[in-house]
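Let's take a friendly walk through a protein structure, one piece at a time. Have the sequence and the 3D view ready as you read.

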Amino acid sequence: MKRLAIVLCTMFAAFAHGQTAYPSKSIRLVVPFPPAGATDILSRDLMQRVSARLGQQVVVDNRPGAGGTIGSDLVAKAAADGYTLLMATTSTHSIGPTLTPKLPYDPVKDFAPVSVIAVSTNLLVVPSSLQVNSVKELVALAKAKPGQLNFGSSGTGTIVHLSGEMFRHRTGTDIMHVPYKGTQLVVPDLISGQISMLFDNIVSAQPNLKTGRLKAIGISSLKRSPLMPEVPTIAESGYPGFEASVWFGVYAPAGTPKEIIARLNREIVAALHSPEMKERLAILGAEPIGSTPEEMAHTVAGETAKWARVIKDANVRID
Amino acid sequence: MESGLLANLALGFGEVFRLQPVTMWGVAFQQVPFNIIMCFIGCLLGTLIGVLPGIGPIATIAMLLPATYALQPVAALIMLAGIYYGAQYGGSTTAILVNIPGESSSVVTCLDGYQMARQGRAGAALSIAALGSFFAGSVATLLIAAFAPPLAEVAFKFGPAEYFSLMVLGLIAAVVLAHGSVIKAIAMIILGLLLGIVGTDVNTGTSRFAFGVPELSDGIGFVAVAMGVFGFAEVITNLEQKEHREIFTKNVTGLWLSWADFKEAYGAVLRGTTIGSFLGILPGGGALLSSFAAYTLEKKWSKNPETFGKGNIKGVAAPESANNAGAQTSFIPLLTLGIPPNAVMALMVGAMTIHGIAPGPQVMTERPALFWGMIASMWVGNLMLVILNLPLIGLWIKLLTVPYRYLYPAILVFCCIGVYSVSNSEFDVYLTALFGLLGYVFVKLECEPAPLLLGFILGPMMEENLRRAMLLSRGDATVFFTRPISAGLLIVTAILLITILSPKIRKKREEAFQEE
């Protein structure tokens, strides 16, 4: 009996966690998108540096599907011990909640923000056969030919789609939305002129801009991009305040201890401010941010509200 | 244009032989010709699975797709392509020596090839198969290099209406050219179309046939379907049958071709190459159709048709050249239009997508090194394969003696690992098992699974293009007939339909397929 008691006590002792320093084992960063996509590459680049600073490996775990909601749900329901994190983006936490009311997780209550990593914007490109060279001319053409111009997107409810809707609403033009399964799939039809415009990723648009098949007439950020400083922002082309950008940020499950979040934030921000990281992000067309958890909550809330307005104005629905 | 072609080929060969730093197992190597190595691995694997009956290029490519994530896209695609045309070489070996087609496209090679082996002429048969295949492969590579750029320019004129019509042609062609019963082929295509609908609709965002299961909201993974229906089902079927193989290994002495044999066969090689090059491009075409057509036509044009089936070397030369030419030219629609003409190319579309390459005419301009590198690697691969297949014949023979009970657990394990690694999802593995069961049912019902895969891939693409064409034409359905290319394609489809329905041609088709 005494022996049994000792064995039982030893067994229970195994469950007791001492106050070991964080992190004491490898951390899992869930990326809810397929490998080799922008979110994935960004995550891997950053986590390589953060791992070095933390002294523990941060392993990227790709869990794609359902627009990023499968991976997000996984982290929402994971243990809040700082060993499972999520790389979220606009579509999972700003647009998703408004479009899909039946999400299995609550984007605000189930997560604790850590930091906004980066922000990327899109170029407004048109085929070279279209006789416009600026946003003003494009809007004039659209108003002269209502219902005849259209814009492509990477799917209903994506940021490319909603950028187009926002553009339509602000400019008061009648342009039609034509969804595709990915921005790159729009390009052949854009080149042949069947699609009139597209909000394309600044980096993937480069080859076609160089060969002259496409023209860039605007950029959707508030400030001009260092990658293409000659392209005016849509905001300065007559629509002040027009901004459509994608944020990438790290979340931990709600209830993760504040010290762990503070530690993660510190290392992530430090890794982001290295010159190599800036370069790597520029290759993806993104700019490093590195905000505090409070700033992240504020940014995400603002973006969610903005896109909610666009969705309501454009009456975008997913059944 | 000439200098353009040479410059492109130079770029391609440069890419194939490019030395790059590679880190393997923690060791950093500086100057490694990685792409060539991947080409060799692909060809080796292709020959291996070509030789082994019971596993084919579709299942292998599906299995290896996830393993290529870590590789650069060029290397990955070169390897996967090598598997496909390598399998054509390997399949002939078993067809000639054991009367078992290692590949479905080697079926006709069995007819005369095995007879030649029984007459002690196995060496000649194997040589002409390998040399004919090499010639055809080289010609096909040149054709791709010469015709791809102009075809890509034409492709830019392709809008959704044209793509839709081309895919309709492809599906109808798949029916016409499928084995066996037409009704069954249609049924499989429709089943494939239905399975393809599962998921989120691109135009409205509505979830269809997902039954609230989040893993299905992006559709059923094609890797799961391909591996289940081709890989698992094959294993289950093979386990049912007892193994008994008569192998003519001892008769493989002279691997050299006599001058007389060469004179007799070279015409068949030329004819086979032409037929294969042409049929490979067509939707529904590829290695299988090319080999059948070449054999049938060779027999028709021969002065002594009764010698076919009794060891006529032309009966080996023609289909072997045709199947290699067909296998390679079937890359043309993939690399220029981004449209898969057959099930294997459908998997290559998947491979390109996984690597973040949107297949289509812009691949040539946006990633010329990848495009021309792939084409150049095909020729290099063909060269490697001749070397692999002639001197190393003994090695392949030994493989045929491995009992299946050691082979199949390995196949199953690799399939499961491959499927899991696509999305780190156990759900996918269960799905594959389900499709394996389904695949077995298809085998029992004598239904061809390839049309299912084609319908599965082409169906959603067709729907997307149909609706987009209607969107762009503002609801005007006559756009499919008013746009010239689209109209032309639909007319060809109509002709094909009439062909399949006309009784005289139906009879001929059944005759051709009866020779198995």
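## A helix wrapped up in chain A

Keep in mind that this model is predicted. We begin with helix α6 of chain A, which covers residues 159-171 and so counts 13 residues by. From its first C-alpha to its last, α6(A) reaches 18 Å, close to the 18 Å expected at 1.5 Å a residue.

Because 10 of its 13 residues are buried, α6(A) is largely enclosed by the rest of the structure. Among the buried ones are A:Ile159, A:Leu162, A:Met166 and A:Phe167.

## A strand with two partners

Now look at strand β1 of chain A, residues 27-31. Is β1(A) mostly covered or mostly uncovered? Four of its five residues are buried, so to speak: the strand is mostly covered.

On one pairing, β1(A) joins strand β2 (residues 58-62) in the parallel sense over five bridges, and A:Ile27 stands opposite A:Val58 there. β1(A) also pairs with strand β3 (residues 84-89), again in the parallel sense, over three bridges. In that pairing, A:Leu29 stands opposite A:Leu85.

## Two helices packed in chain B

Two packed helices are described by the angle between their axes and the distance between the axes. In chain B, helix α11 (residues 287-301) and helix α12 (residues 314-329) pack at about 150 degrees, with their axes 7 Å apart. That angle makes α11(B) roughly antiparallel to α12(B), because angles over 145 degrees count as such.

The contact includes B:Ala287, B:Leu289 and B:Tyr295 of α11(B), and B:Lys314, B:Pro319 and B:Asn323 of α12(B). The crossing of these helices is right-handed.

Methods:
Residues numbered from 1 in each chain as written. Chains lettered and ligands numbered in written order. Predicted model: local features only at pLDDT ≥ 70, side-chain atom pairs only at ≥ 80, totals over all residues. Buried ≥ 20, exposed ≤ 12 C-beta atoms within 10 Å, placed from the backbone. Pairing = 2+ DSSP bridges. Expected span 1.5 Å × (residues − 1). Axes fitted to C-alpha atoms, helices over the stretch in contact; angles between N-to-C directions. Parallel < 35°, antiparallel > 145°, perpendicular 65-115°, else oblique. Left-handed = near helix turned anticlockwise from the far one by under 90°. Contact = placed C-beta atoms within 7 Å.
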